[in-house]
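These are my notebook entries on a structure that I had not examined before. I set down what I looked up, in the order in which I looked it up.

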Amino acid sequence: MHSPDDTLERQRERYADELRARFAEYKRWAMANWPVQEQALTDAAFIAAERELELITGAMLHPGRQTGAVPAGGRQQAQFEDVTPAPWP
């Protein structure tokens, strides 16, 4: 299945890609075959599962990876914005 020269990181990335693709196919099938005509199954029904998938393919699959890494754009936004006004002098 994997060649001996594959790095562990590459194997993990392939696994994550395959898991995401299978989940996307499962989601398409579930929505297309949903039997309750009065209430359509939408993307919103899968939000929690998608968050769990991100956890599995991110932090759990890559233990020790720094989670606060700068995104591809090169700029990292602050998690919180200070909106407290400065005191009067």
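Entry 1, terms and source. I take contact to mean heavy atoms within 4.5 Å. The model is a predicted one, in which local features need pLDDT of at least 70 and side-chain atom pairs count only at pLDDT 80 or more, while totals for chains, interfaces and linings use all residues. Residues are numbered from 1 along each chain as its sequence is written, and side-chain values use heavy atoms, with hydrogens and water left out.

Entry 2, the chain. I found two helices and zero strands; helices (H or I, at least four residues) and strands (E, at least two) are DSSP runs, numbered from the N terminus. Of the 89 residues, 11% count as buried, where buried means under 20% relative accessible area, exposed over 50% and partly exposed in between (1.4 Å probe, protein chains only). The chain exposes about 8100 Å², of which carbon and sulfur atoms supply 57%. Among contacts with a separation of 6 or more, 50% come from residues 24 or more positions apart.

I looked up how α1 (residues 8–32) packs with α2 (residues 47–60), and the angle is about 165°, with the axes 10 Å apart. The axes are lines fitted to C-alpha atoms, for helices over the stretch in contact, and angles run from 0 to 180 degrees between N-to-C directions. The two helices are therefore roughly antiparallel, a term for angles over 145 degrees. I noted the residues that make the contact: A16, L19, R20, F23 and K27 from α1, and A49, E50, L53, E54, I56 and T57 from α2. By class they are six nonpolar, one polar and four charged. Here Ala, Val, Leu, Ile, Met, Phe, Trp, Tyr, Cys and Pro count as nonpolar, Asp, Glu, Lys and Arg as charged, and the others, Gly among them, as polar.

I located E50 in helix α2. E50 counts as partly exposed because its relative accessibility is 29%. Leaving aside neighbours within four places in sequence, E50 is in contact with F23 and K27.

Is F46 buried or exposed? Its relative accessibility is 7%, so F46 is buried. I found F46 in the loop between α1 and α2. Not counting residues up to four places away in sequence, F46 touches F23, Y26, K27, A30, M31 and L41. The C-alpha atoms of F46 and K27 are separated by 7.7 Å.

I placed D6 in the segment before α1. D6 is partly exposed, at 23% relative accessible area. Apart from neighbours within four places in sequence, D6 is in contact with Q11 and R14.

Definitions and conventions. Parallel < 35°, antiparallel > 145°, perpendicular 65-115°, else oblique. Areas by Shrake-Rupley, 256 points an atom, 1.4 Å probe, with all protein chains shown as cover.
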